[in-house]
Amino acid sequence: MILSLSNSIDSYVQFITVLIIFVFVLAITYFTSRWIAGYQKGRGLNANVEIMESFRLANNKYIQIVRVGKKYLAVAVGKDSVTMLTEIPEDQLLLSSGGKEQNHSFKELLEKMQQKNFLEKEEDRKKSE
């Protein structure tokens, strides 16, 4: 009886220990990922090279519009090669918000979806009346 009680306590202690180690590893992974993302973002600021748009043609084959300084270039990117196709005048490009994507927080996107869903339900309710 005492032996089985001791084994069950040991099992609970082992479980709690593994759970604590798992949470610790998860926390380290989270903070490391955040740190690396911040580091990468900081390196990309004020850069003279920026990929504006990318279009996938086939597996491992893309056409990309790249801004280098003030010039825009169309390049073909393959598995082992990058080939410049042409230079594109800026007035021929359709750049949204100055060529940069707008960053929205998850909260903003969720609120927009909830509002859209609410409006659709209201329309359905008015149609059924």
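Is Arg 67 buried or exposed, and what is its relative accessible area? In this predicted model, Arg 67 is buried, with a relative accessible area of 17%, a value that falls under the 20% limit for that class.

The protein chain contains two helices and four strands, and along the sequence these elements follow the pattern α-β-β-β-β-α. Of its 129 residues, 9% are buried, while the accessible surface comes to about 11,800 Å², with 60% of that area belonging to carbon and sulfur atoms. Among contacts with a separation of 6 or more, 7% are accounted for by residues 24 or more positions apart.

A search of the whole structure finds two salt bridges, which are set out below.

| Salt bridge | N to O distance |
|---|---|
| Arg 67 and Glu 50 | 3.0 Å |
| Glu 122 and Arg 125 | 2.8 Å |

Glu 122 and Arg 125, by contrast, both lie in helix α2 (residues 106-128), three residues apart, or about one turn of the helix. Glu 122 counts as partly exposed at 25% relative accessibility, and Arg 125 is likewise partly exposed at 39%.

Strand β2 (residues 61-68) also holds Val 66, which is buried with a relative accessible area of 11%. The C-alpha atoms of Val 66 and Glu 50 are 5.7 Å apart in space, although the two are 16 residues apart in sequence. Beyond its neighbours within four places in sequence, Val 66 is in contact with residues including Val 49, Glu 50, Ile 51, Tyr 72 and Leu 73.

How values were computed:
Residues are numbered from 1 along each chain as its sequence is written. This is a predicted model: local features need pLDDT of at least 70, side-chain atom pairs count only at pLDDT 80 or more; totals for chains, interfaces and linings use all residues. Side-chain values use heavy atoms; hydrogens and water are left out. Buried means under 20% relative accessible area, exposed over 50%, partly exposed in between (1.4 Å probe, protein chains only). Contact means heavy atoms within 4.5 Å. Accessible areas come from the Shrake-Rupley method with a 1.4 Å probe; for residues, only the protein chains shown count as cover. A salt bridge is a side-chain nitrogen of Lys or Arg within 4 Å of a carboxyl oxygen of Asp or Glu.
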